[in-house]
Amino acid sequence: MEVKGRQRRDQGSDGEIQCQAGRNLAAPLKPMMEFNHCYFHNVAELEEVPGMPGWRLQRFPEKVRHRLSSKGRSKAVQSNGCEIRFVTDSDRVRLTLSAWDEGGSVLIFKGDYFHSKADVKGGRMQTIELEDPERFLGVKPEILSSGSFSPNVWRVYFDRFNAVFHALEAFGHDVRPPRPGEMPDLNMLVYGSSITQGAGAMHHYTGYTQRAARRLSLDVVNLALSGSCYCEPELADHIAEKKDWDLIFLEIGVNMRGRFPIDVIRARSAYLLDRILEKHPAKPVFLTTIYPNRATFAADEQEPFTVEEKKTNDWLRQYARDKNHAHLHLLKGSRILTEFTGLASDLIHPSDDGHILMGERLAGFLAPAVSRLREERRQAREGR
């Protein structure tokens, strides 16, 4: 991960994190970034804000964002799914944030436990004060620690806006990034449309991929792009070159159907899938057909979106059959969204109830592969 601007976090030969002035090092140092004693999850770059001490949380590197469609560029700067994580023994913390655009919600967690919600307004620095939950002290540690995250880990989760990090104040107490054992042991990368980005849910944190991940104790790297999941070659290369995921889930058809000719959809989708399978031949790759929506059941079966949706789904099935890859799993969208009433009234995005249903269904499909991954890791640790 890269910090763009005056300061760039670098790692010295002794493994200590240092801030280097006047350097711009392009190679990522770790799969996820540690900066200012915090761990930035689902953040590819911290981009310095001109004229003020602040860093924009970017899910995609600039060189990838600027090769997307016009709409894709505006969606790629959204920090939804990004998290700032840290551990401190201070019982009070002040976190200063702002929004580069119109603003949005920030959800605060202590480990797996929801703590509070804050609304960040656009164009104004805002300080959020966090107090350690007093009742944690009265619960048996083994019960408190039964989730995916250690209850010592503060997690600051951003919904759908471009967030800016300014400062963290722990009043002289040490602050450190979480250690590996304090976070989920597996990462799931997801790429898709606004549905996979979390649209329709009350908060993007309650979207179906996040729900499935929580059920299976996974971390989510969410690279979905609302209304602009177009599988551009530059984005496909970026995803394929990433090494910070253990399994991947792709929902890639709905934004392209009716917008591009089927030969373009085939070419772009095939390039993305081929690159992923080439670079990660032993990792589970899950691909879904388009979820049921108004076009699926249009009264006029010759409606253009309906025709193109069928062509897209037919091609995805054909690709999976022809590839016949041991780790490529094609899921039927109608087996994830099993109830049409799980949609909101726009008949394309799931409602909050729909996301709950889809998350539980998706978790069931992912569970065998997740179990195999954990068993392989256990055997590797034991030297088998």
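Which residues of helix 6 (residues 233-241) are buried?

**View 1. Helix 6 and its buried residues.** This is a predicted model; local features need pLDDT of at least 70, side-chain atom pairs count only at pLDDT 80 or more, and totals for chains, interfaces and linings use all residues. Residues are numbered from 1 along each chain as its sequence is written, and side-chain values use heavy atoms, with hydrogens and water left out. Buried in helix 6 are Leu-235, Ala-236, His-238, Ile-239 and Ala-240. Buried means under 20% relative accessible area, with a 1.4 Å probe and protein chains only. Helices are DSSP runs of H or I, at least four residues; strands are runs of E, at least two; both are numbered from the N terminus.

**View 2. The cover over helix 6.** Helix 1 (62-65) and helix 7 (262-279) are among the elements that cover its buried residues. Strand 16 (186-192) and strand 18 (247-251) also belong to this cover. Contact means heavy atoms within 4.5 Å.

**View 3. Residues 6-31, with pLDDT under 50.** pLDDT is the predictor's confidence in each residue, from 0 to 100. For this stretch the model has 50 contacts beyond four places in sequence. The protein averages a pLDDT of 91, and 92% of the residues score at least 70.

**View 4. The setting of the close-ups.** The protein holds 9 helices and 20 strands. Of its 384 residues, 56% are buried. Among contacts between residues at least 6 apart in sequence, 73% join residues at least 24 apart. The C-alpha atoms fill a box of roughly 65 × 45 × 45 Å, taken along the principal axes.

Note on methods:
Buried < 20%, exposed > 50% of the residue type's maximum accessible area, 1.4 Å probe, protein only.
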